[in-house]
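I set down each term with its cut-offs when I use it.

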Amino acid sequence: MANMWYSIDIYRRLISVNIRGQLQYRVSFLFDFLATALITVLAFGSVALILQRFNNIGGWTVFEIAFLFGMAETAFGTMDMIFSGFDPPYFGQRVRIGSFDQMLLRPVNLIAQIFGSQFILRRLGRIIQGSIILLIALTQLDIQWTAIKITMIPIVFVSLVIFFGGLFIIGATLSFWTIESLEVVNLFTYGGTEMIQYPMSIYPDIIRNFFTFILPAIFLLYYPALYILDKPDPLGMPAIAPFLAPFVAMAVFTLAIVIWNYGLRFYQSTGS
Amino acid sequence: MRLFWELSKLAFQRQLTYRAATLAGLATNFFFGMLRASVLIALFHGNSEIAGMTITDAITYTGLTQGTIAFLSLFSWFEVMNSVYTGAVSSDMLKPMNYFNFWLAQDTGRAFASFLLRGLTIMIAYAIFFDITTPQSMPQWLAFFMVLILAWLISFSWRFLVNLAAFWTPNALGIARLAFILSWYMSGFLFPLRFFPPWFVKLCYLTPFPYTINAVVEVYLGLVDGQALVGIILAQVAWILMLILASMIALRAGVRRLEILGG
């Protein structure tokens, strides 16, 4: 127990040093913050502009898309900030230059060190913009609120964070074996977030089946959104589908920890 | 000229060495292309043509945009900036070559390798998996390649100019990211510009960005020809000259401020 508090304290200190470091160059931080925020706003802004002409995407109006978009962006931004230390390209770089070996040698909890190694504050830009878009969606849509729907909102958010966090850990583990092909992980992380910002019914079967049966991202946002917005399910899944998000997230995260531990056991330093 | 050629060749070979990375990048580009295509197809609502584009054109558009990301490198390029921060800039400046040309030479090699590995390959994959549009005549192919090369020159001079911010501030990354996001948004990368409301398109055409991706797409798909095509090419040349001029002025001012720390 004392050990755990010690690890948490270490994590807190590492993060605070990290954040202070990022705030040293104020102008640059401000630009960075604006840039990250702008990506979200502009990406959604262009969908909104396009929908002036096209009206809806796969039967989803602009505010319904805003719900998907805002939730996905806020959750991914939060995950990306907390799990920055596991961000595959960043972590892969640490493995390559050998600074991961230094972490292994320190008498401090490894996970606390990795979490503490990077905390990208500018992601706040993405989180804030994402939440604004989500809030706009929630106020503009005429949602028939029930106790279940209200509870679902935070659960969906946390599940998304855990799900993508798990994917980051799996990607980081891959760097024990290969640095070069790490970009493939982007397919599932950045690709996954971009994909769930639109209704899943618009994708070809091969993509949708992959994200239903192999990496079940479809249950994290699309199905909860169908339920919350009272939209009919065009894919005919069992009625339980909207409530699977936390279970899918836990399963992926558990799998990530198993893979991580396996990778760590076989980890051999690059030696350089 | 000899030096230029050698630098390009080195940069070209450097790109060829990362084979696994290229494959991974290709898979990612192709996947994102499929997502984009799905969204566009959903937008068509079964219509056969919108704003002069057919569904086949729209699918081809996603292939073209994914295929030009690496070639134009429009959205992230921090090499000049990094060389200022590592101090490599001091020895680069001593080389018997104009600093702009020094980087242009390397970008030529990089762009050509990216064109072969991440542009041509994507289009071939698209041609295998989907029904795509191709230019209908030899002159159209020629116009396409010309517009493509000019688009790359716009992209390069813009990237170079943005990177020069490093001469003024010890951490110009944020400024550069902001600049690249602007080009990402206004180049017609997210959706074809002709799908947007006219006021927005007008706004974009006040910047050089539509003359990169959007121009390449429109010429390839045969959406512009004759006078409009000549207009695009002239505008591209004008933007290139303006951006190079701005780069030269910024570079001269920047070099005067540059301090290299020994060590």
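I took axes as lines fitted to C-alpha atoms, for helices over the stretch in contact, with angles running from 0 to 180 degrees between N-to-C directions. The helices themselves (H or I, at least four residues) are DSSP runs numbered from the N terminus, as are strands (E, at least two).

I worked from a predicted model, in which local features need pLDDT of at least 70, side-chain atom pairs count only at pLDDT 80 or more, and totals for chains, interfaces and linings use all residues. Residues are numbered from 1 along each chain as its sequence is written, while chains are lettered from A and ligands numbered from 1 in the order in which they are written.

Entry 1: the interface.
I looked up the contacts between the chains (C-beta atoms, placed from the backbone, within 7 Å). I found 33 residues of chain B in contact with 35 residues of chain A. On the chain B side, α2 (19-44) and α8 (173-186) are the elements that give two or more residues. The most come from α2(B), with 15 residues. By class, I noted 26 nonpolar, 6 polar and 1 charged residues on this side of chain B. Here Ala, Val, Leu, Ile, Met, Phe, Trp, Tyr, Cys and Pro count as nonpolar, Asp, Glu, Lys and Arg as charged, and the others, Gly among them, as polar.

I found α2(A), residues 26-54, packed with α8(B) at an angle of about 15°, the axes being 7 Å apart. The two are therefore roughly parallel to each other (angles under 35 degrees; over 145 is roughly antiparallel, 65 to 115 roughly perpendicular and the rest oblique). Among the residues making the contact are A:Phe31, A:Leu38 and A:Ser46 of α2(A), and B:Arg177 and B:Tyr185 of α8(B). I recorded 12 nonpolar, 3 polar and 2 charged residues in this contact.

Entry 2: a helix pair within chain A.
I looked next at α1(A), residues 2-22, and α6(A), residues 110-117, whose axes come within 8 Å and cross at roughly 15°. These helices, too, are therefore roughly parallel to each other. From α1(A) the contact includes A:Tyr11 and A:Leu14, and from α6(A) it includes A:Phe115. I noted 6 nonpolar, 3 polar and no charged residues there.

Entry 3: a residue of chain B.
Leaving aside neighbours within four places in sequence, I found B:Val147 in contact with B:Ala215, B:Val216, B:Val219, B:Ile232, B:Ile233 and B:Gln236.

How values were computed
Contact = placed C-beta atoms within 7 Å.
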